[in-house]
Amino acid sequence: MTQTNRRNSYTFKEGLTMMAAKAVGIDPYLAAEAGEGAKAAINAIRHAAQTKNPKDRAVLIQQAQTELRSINAAQHPKVVNAIQSRLLALQGRGGDSEIAHLTPGEVVIPRALQTAELMRQIVSLAARQGIDARQLIVGGQKVSINPHTGAEEHAFWNDISNGIGRGFRSIFGISDASVEDAGPIARGLDAQRVDPKDLNASDAIKNFIMKQEGDGGGGCYPSPEKDGTQTCGWGHKLKPGEEWDSSKANEVRNQDIVAAEDRVRRLAKVPLYQNEFDSLVSHAYSSRETPDPSRPKSVGWTNSDMLTKLNQGDYPGAFDEMLDWTGGPGTKLGGLVKRRSLENRWGKVGPVENY
């Protein structure tokens, strides 16, 4: 993502705008300069991307379009173009949710055709041409964003114009390791999904969980679900009658990760890639296994659409269901909204580097 010059400080409202912009792939620093209209439009886009109700999405898109007209296009052309690009993307059909610049003759390969052998050949060919395979993934972490339109670019004209010709693998730093951490598509699907009973949480997802759960200082605070319980240390929810010992915060955290791994192994009935297993472990760490009988419409893993879709083999659908787990029926906690978005990307694309 191309970013503009940064100021030394930003107001609280600008900070909120920047977080919302980053969540939808818009330059947060440019968005902060564009005022309240940009903030309102970007928030509408973010909610439209999360909702599964077509009518609600249409209303939110209309709201974003209305707010877009309040932005001074002459002063903030890049933000206006980026918002327009996201609005177009939201109106895609059949699950399409991205807009990209493509060259006539380029081939887009749907997931249904991404066989292991085909993807291995593409990754190998890309490496020989000096191209990082992660740059080819729609919505991936390494995709270039056109600063004028906000849309993805999957071409390499800028590298060639700067004198980086084909075949210079060392300049791009392409290696087996750099492809390995890019998720199953980018690494050519050379690893097969395996029984979750044979998988363990990676160090990367353990670090992610700790980052999401705070500093693990050992203290307790009211649980964000507002159900009268206490959350302590690294996001450990106290059980009835359980006493908290802050000196054992790290030990309890490790036990909770093991419990999350165990839940995934027991309830997932389909094979998984490592990144898919990791994403589910993080989700399990911060969610209930069974619904809360004292709360109407409570959802746990055992009665969730997420688990149903996963065990039907609908992997993308299962990870998209994660986006709804943001604090209970009708509740959207900012921290959980961001976390679920990152878990969704981790499961569908691969490990997330910046969070």
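This is a predicted model: local features need pLDDT of at least 70, side-chain atom pairs count only at pLDDT 80 or more; totals for chains, interfaces and linings use all residues.
Strand E5 (residues 230–232) is joined to E6 by two bridges, with the two strands running antiparallel; strands here are DSSP runs of at least two residues and helices (H or I) runs of at least four, numbered from the N terminus. Across this pairing, threonine 231 sits opposite lysine 237 in E6.

Residues are numbered from 1 along each chain as its sequence is written, and side-chain values use heavy atoms, leaving out hydrogens and water.

Turning to the helices, the axes of H12 and H15 (residues 334–348) come within 7 Å and cross at roughly 160 degrees; axes are lines fitted to C-alpha atoms over the stretch in contact, with angles from 0 to 180 degrees between N-to-C directions. H12 and H15 are therefore roughly antiparallel (over 145 degrees; under 35 is roughly parallel, 65 to 115 roughly perpendicular, the rest oblique). Residues in this contact (heavy atoms within 4.5 Å) include Ser279 and His283 of H12 and Arg339 and Trp346 of H15.

H12 (residues 274–285) also meets H11 (residues 249–267), their axes coming within 8 Å and crossing at roughly 120 degrees, and the pair is therefore oblique. Among the residues meeting here are Ile257 and Val264 in H11 and Phe277 and Leu280 in H12.

Technical notes. Two strands pair if DSSP finds at least two bridges between them.
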